[in-house]
Amino acid sequence: MALCQKFGRLLIGAEARFSARTDVTNISTSPNQSPAPTQIPARLPYKAPNAFTLFIKDQMTGQRGRVHEMGKILSTNWKNLSEEEKQNYFKRAKKIGDELRDNFEKLTDGQKKELWDKHVEKMNKRRKLQMKIKLNKFYAEANRPKRPLTSNWVFIKECFEKQIKPIKTRDKVNKFVAEMGQQWRQMTDAEKQPYIDQGQSDRAAYHKEMAEWKRKYSNEIRAWKEAEAKAAQKARGTQFTEAFEWNIDGDRDLNENEGPEILKILSIKWKNLSEEEKQNYSERAKKIGDELRDNFEKLTNGQKKDLWDKHVEKRNKLQRLQMKKKLQKFYAETNRPKQPMTSNWVFIKERFEKQTNPIKTRDKVNKFVAEMSQRWRQMTDAEKRPYVDQWQCNIAKFRVELAEWNQKYASEIRAWKEAEAEAAQKARDTQFTQPFEWSIDGDRDLKEKEGPEILKILSIKWKNLSEEEKQNYSERAKKIGNELRDNFEKLTNRQKKDLWDKHVEKRNKLLRLRMKKKLHKFYAETNRPTRPLTSYSVFMQKCFDKQTKPIKTKDKANKFFAEMVQRWRQMTDAEKQPYVDQAQCNLAAYHKEMAEWKQKYANEIRAWKEAKAKAALKAKGTQFNQAHFEWNIDGDRNLNEQEAIQQMILDDSTHLVEKRERSKDDDRDEDKADIQRMFLAISTYLGRKEISQNQRIEY
């Protein structure tokens, strides 16, 4: 009864969401009352094709060419059509539009809302893109001044222009920029000063030109801002309720109330229902629960497992969120000390408080933070020293306060850690095999097995089956294969192509993964030299090795790395020099070992490159061929099977001959097994095609 009442609450909540009045004590809906029809908007959240669109689609099938040229030709052809031919296209377009409208009217309100929201999101995205294109066009026509380069980019540009050989590919450009960035960070303040002066001079000239440009085009800029605000207001106004008004009993008071207020209204409405009305909702809830349970029982074990895993993942995520909220509430109630800001954020906060004009929008805040960060990186160590000292003072004070807080609330903190560990253990225990036992012949030994062990057990069980049981599985497999083949033949060529592309993509991904695993195995077997650490990583590793207490949790590791990064940035070039020298020494030794390794395994490396190129060529060759999938046109099934079978026999026979030449022992059992495998593959391949017995004999 409690379960039924719970489902009844959900159902009354779903219906009362659209039927609650301002006076929550008056009940205007009942379980037997049919809701009024939902209003359909004048503009549906999809675009039905028109006659000209259908004509273009028919004409463009199998055609290639530039869009603009083909558009002019098709437009001329459309004008030359007779009225009768155009009328046929109009009828087809009207029929498709009616079908789309009928399908849309059959959807639930939730599905309509999701469809409308997607349509609005797509429309707003296209509108913003069009606005951005027009704005960029206006900037180009009005010769808007371009933002100058910063000091480090002035240095990179100068080095780029000094290059003798042109750098064309993106990878080489990224590599060059990374090298120049590393060189810039290693430069002294005196070396950086000319580029800083040039950047400041360019910025001053930019601000002067920008002020003149804004003064010159003030009316146009004002018009653009008004248009942008109007577009943003229109985007906010295209909500679902605008097109699909909830017209059940004319109630609108739930639009202004959300969250807890709605729950209060619905709770009062539920309490004011009569026992008969509550019983009707309980019966409906019980009926829905029985249907869901029956549908769940019809699923396969794999589908049940997927459904259960999704449920467990969602529940664990919700539990973690609830635990996090409770923990934050506990921190607020006990006045836990807050982590102080780092030195650069102390500087940014100070500059932010000195601003005369308030910075309100997120974009302006992000822009301000980016400018202050750039300015922080250009400051000398002497200029940064006051903020670093303030941060060190704050962090020392924070640690003292945190130690006192930990000592004061030691028992509560221990209770929280135990609850967190218990929740994590509970999340690990809620696996699929716990509530849904595999009931095949009462076997339970597969629970503790994984991977190859499971395959061995299943292989032994298969061999122990009788011929009749194997025949049943073969018939089931054949039946499923025929159903899949029939469903595939019913698809359009476009759907077949999409399915084939997904299959090729998945197969190529698997091939690349296998190739990568084999390559890593080859590297491990041949002791390929490992790339050495950079100077910064050498410093981090040395500091990490000096730690007396082990750093186990991810939060502590992130905190440690953040502190080391801050410390590395504050070091002078003289302090960094030992780590730079060690990294350069390691890199020189690595290049020397790498050259010896490449010379030693030159043949193997060449073979790997050829195999990789062959795999890439094979991946390019597995494209969708429309002729291979037109099986249901005039009964044509000639896929050149004879060549495929001959190639299969040739490959397997060549393998047997090479194996016979390599082997000195007359191992006839193993040869027999290989021959059986070859003919089993051929018979399996032939069994998938509808061919005559004479063709089988010929093959």
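Helix 16 (381–408) and helix 22 (554–570) each supply at least two residues of the lining of the largest cavity. Helices here are DSSP runs of H or I with at least four residues, numbered from the N terminus. The model is predicted: local features need pLDDT of at least 70, side-chain atom pairs count only at pLDDT 80 or more, and totals for chains, interfaces and linings use all residues. Residues are numbered from 1 along each chain as its sequence is written, and side-chain values use heavy atoms, with hydrogens and water left out.

A cavity is a set of points on a 1 Å grid over the protein atoms alone where a 1.4 Å probe fits but cannot get out, whereas a pocket is an open set with protein on both sides within 12 Å along at least five of seven lines; lining residues have an atom within 4 Å of a point. The lining of the largest cavity consists of Asp381, Lys384, Arg385, Val388, Arg569 and Gln570. Helix 16 gives the largest share, four residues.

The second largest pocket is lined by 39 residues, and Arg336, Lys417, Thr553, Asp555 and Lys556 lie nearest its centre. Helix 16 and helix 22 each supply at least two residues of this lining too, as do helix 13 (301–333) and helix 17 (410–429). Because domain 2 (299–433) and domain 4 (529–626) both give residues to the lining, the second largest pocket lies between them. The domain bounds come from an automatic or database domain assignment.
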